[in-house]
Amino acid sequence: SRKMVKLYKLSSEQLSQQDHYDFGMRALKSVLVMAGALKRTSPHLNESVVLIRAMRDSNLPKFLSADAALFQALINDLFP
């Protein structure tokens with residue numbers, strides 16, 4: 001959970017400022033709901049993998065291409 005909060009904090013600081021970017025509690029809840037659904041459909045997956053996939057899948061579609069690359073780099077740094 002600390003890494004997830006750190007990822008969202010770094011994202012809000014380093015990604016471009018867009019009106020449709022949301023790194024607050026609503027975004028965290030949406031990632032957790034997605035992670036829960038993914039874990040139920042694939043219970044064999046490691047929880048870290050599930051969380052990373054949920055964060056990526058819920059955020060990347062709304063990012064500009066440059067921000068998507070930076071977000072992916074942040075994920076790779078925080079979750080080696």
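**Helix 4 and its surroundings**

In helix 4, the residues Asp67, Ala68, Phe71, Leu74, Ile75 and Leu78 are buried, where buried means under 20% relative accessible area, exposed means over 50% and partly exposed is in between, with a 1.4 Å probe and protein chains only. Seen down the axis of helix 4, these buried residues fall within an arc of 120 degrees, so they line one face of the helix; the arc is that of the directions from the helix axis to the C-beta atoms.

Before I go on, please keep in mind that this is a predicted model, in which local features need pLDDT of at least 70 and side-chain atom pairs count only at pLDDT 80 or more, while totals for chains, interfaces and linings use all residues. Residues are numbered from 1 along each chain as its sequence is written, and side-chain values use heavy atoms, with hydrogens and water left out.

Helices, for this talk, are DSSP runs of H or I with at least four residues, and strands are runs of E with at least two, numbered from the N terminus. Helix 4 takes in residues 65–78, and at 1.5 Å a residue its 14 residues should span 20 Å, which agrees with the 20 Å between its end C-alpha atoms; the expected span is 1.5 Å times one less than the number of residues. On the face turned away from the buried side, helix 4 carries the exposed residues Ser65, Ala66, Ala69 and Asp77.

What, then, covers the buried residues of helix 4? The cover includes helix 1 (2–14) and helix 3 (47–59).

From helix 1, let me take Ser11, which counts as buried because its relative accessibility is 0%. Leaving aside neighbours within four places in sequence, Ser11 is in contact, meaning heavy atoms within 4.5 Å, with Phe23, Phe71 and Leu74.

Turning to helix 3, this helix packs with helix 4 at an angle of about 170 degrees, and their axes are 11 Å apart. That makes helix 3 roughly antiparallel to helix 4, a term that applies to angles over 145 degrees. The contact is made by Ile52, Met55, Arg56 and Asn59 of helix 3, together with Phe71, Gln72 and Ile75 of helix 4.

Finally, Leu60 is found in the loop between helix 3 and helix 4, and it is partly exposed, with a relative accessible area of 23%. Again leaving aside neighbours within four places in sequence, Leu60 is in contact with Ala68, Phe71 and Gln72.

Technical notes
Axes fitted to C-alpha atoms, helices over the stretch in contact; angles between N-to-C directions. Parallel < 35°, antiparallel > 145°, perpendicular 65-115°, else oblique.
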